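This report walks through one protein model, from strand pairing to side-chain contacts. Keep the structure open while reading.

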Amino acid sequence: MKKTLLLASLLLANISASAFAHDHSSHAVKKASAYIISPVDGATVSSPVKVTFGLSGMGVAPAGTVKKNTGHHHILIDTDTLPDLTQPLPATDKIKHFGGGQTETVLELAPGTHTLQLVLGNHAHIPHSTPVMSEKITITVK
């Protein structure tokens with residue numbers, strides 16, 4: 001809700017999304033990394049799928065919390081092309097936000113092959129200037 005109100009206010013004030021992103025950009029720790037703890041790449045699983053997130057070199061903080069060297073997770077599901085990493089990540093059926101600072105989730109996935117990838121976003125859902133992302137993993141849901 002805060003994000004929606006803020007973006008609506010920006011639009012009313014004729015401030016562009018790129019200006020918003022520039023004013024809310026952040027830097028990541030050089031050796032920070034995000035990773036998927038489970039399931040592992042190549043796993044065959046049943047739905048619902050429990051996904052556990054990992055982060056090294058930085059801390060997890062809820063969206064809206066402005067604190068250096070922190071962020072919150074977003075998971076990209078079956079995404080072939082990365083979204084614009086200079087803008088707030090959109091909330092879609094393929095990009096799930098964990099703005100509460102969650103480090104795991106349960107996904108309902110249809111049978112078949114799926115890809116998962118984590119992207120760390122800052123307080124404004126914008127990836128850091130050097131994005132902290134996991135490797136993309138592939139799983140099969142039976």
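## Terms and model

Two strands pair if DSSP finds at least two bridges between them. Helices (H or I, at least four residues) and strands (E, at least two) are DSSP runs, numbered from the N terminus.

The model is predicted: local features need pLDDT of at least 70, side-chain atom pairs count only at pLDDT 80 or more, and totals for chains, interfaces and linings use all residues. Residues are numbered from 1 along each chain as its sequence is written, and side-chain values use heavy atoms, with hydrogens and water left out.

## Overall layout

The protein has two helices and nine strands. Along the sequence they follow the pattern α-α-β-β-β-β-β-β-β-β-β.

Of its 142 residues, 41% count as buried. Buried means under 20% relative accessible area, exposed over 50%, and partly exposed in between (1.4 Å probe, protein chains only). The accessible surface comes to about 7,900 Å², and 57% of that belongs to carbon and sulfur atoms. Accessible areas come from the Shrake-Rupley method with a 1.4 Å probe; for residues, only the protein chains shown count as cover.

Contact means heavy atoms within 4.5 Å. Among contacts with a separation of 6 or more, 67% involve residues 24 or more positions apart.

Strand β8 spans residues 112-121. Eight of its ten residues are buried, so the rest of the structure largely encloses it.

Six bridges join β8 to β5 (residues 70-77), and the two run antiparallel. Here Ile75 stands opposite Leu118. Five bridges join β8 to β9 (residues 137-141), again antiparallel. In that pairing Thr113 stands opposite Thr140.

## Nonpolar cores

A nonpolar core is a set of buried Ala, Val, Leu, Ile, Met, Phe, Trp, Tyr and Cys residues joined through side-chain atoms within 4.5 Å. The largest has 23 residues. Val51, Ile75, Leu116, Val132 and Ile139 have the most contacts inside it. The elements giving two or more residues to this core are β1 (33-38), β3 (49-56), β5, β8 and β9. β3 gives the most, with four.

Leu116 touches residues including Ile36, Val51, Ile75, Leu107 and Ile139, not counting residues up to four places away in sequence. Another core, of five residues, lies apart from the largest one. Leu76, Leu85, Leu89 and Val119 are among its members.

## Around β3

Thr52 is found in strand β3. It counts as buried, at 17% relative accessibility. Leaving aside neighbours within four places in sequence, Thr52 is in contact with Tyr35, Ile36, Ile37, Ser38, Thr103 and Glu104.

Glu104 also meets Lys50 in a salt bridge between side chains (3.6 Å, N to O). The rule asks for a side-chain nitrogen of Lys or Arg within 4 Å of a carboxyl oxygen of Asp or Glu. By this rule the count comes to one. Glu104 lies in β7 (residues 104-107) and Lys50 in β3, so the pair ties together parts 54 residues apart in sequence. Both are partly exposed: Glu104 has a relative accessible area of 42%, and Lys50 one of 48%.

## The β1-β2 loop

Asp41 is found in the loop between β1 and β2 (44-45). It is exposed, with a relative accessible area of 53%. Leaving aside neighbours within four places in sequence, Asp41 is in contact with Ile137 and Thr138.
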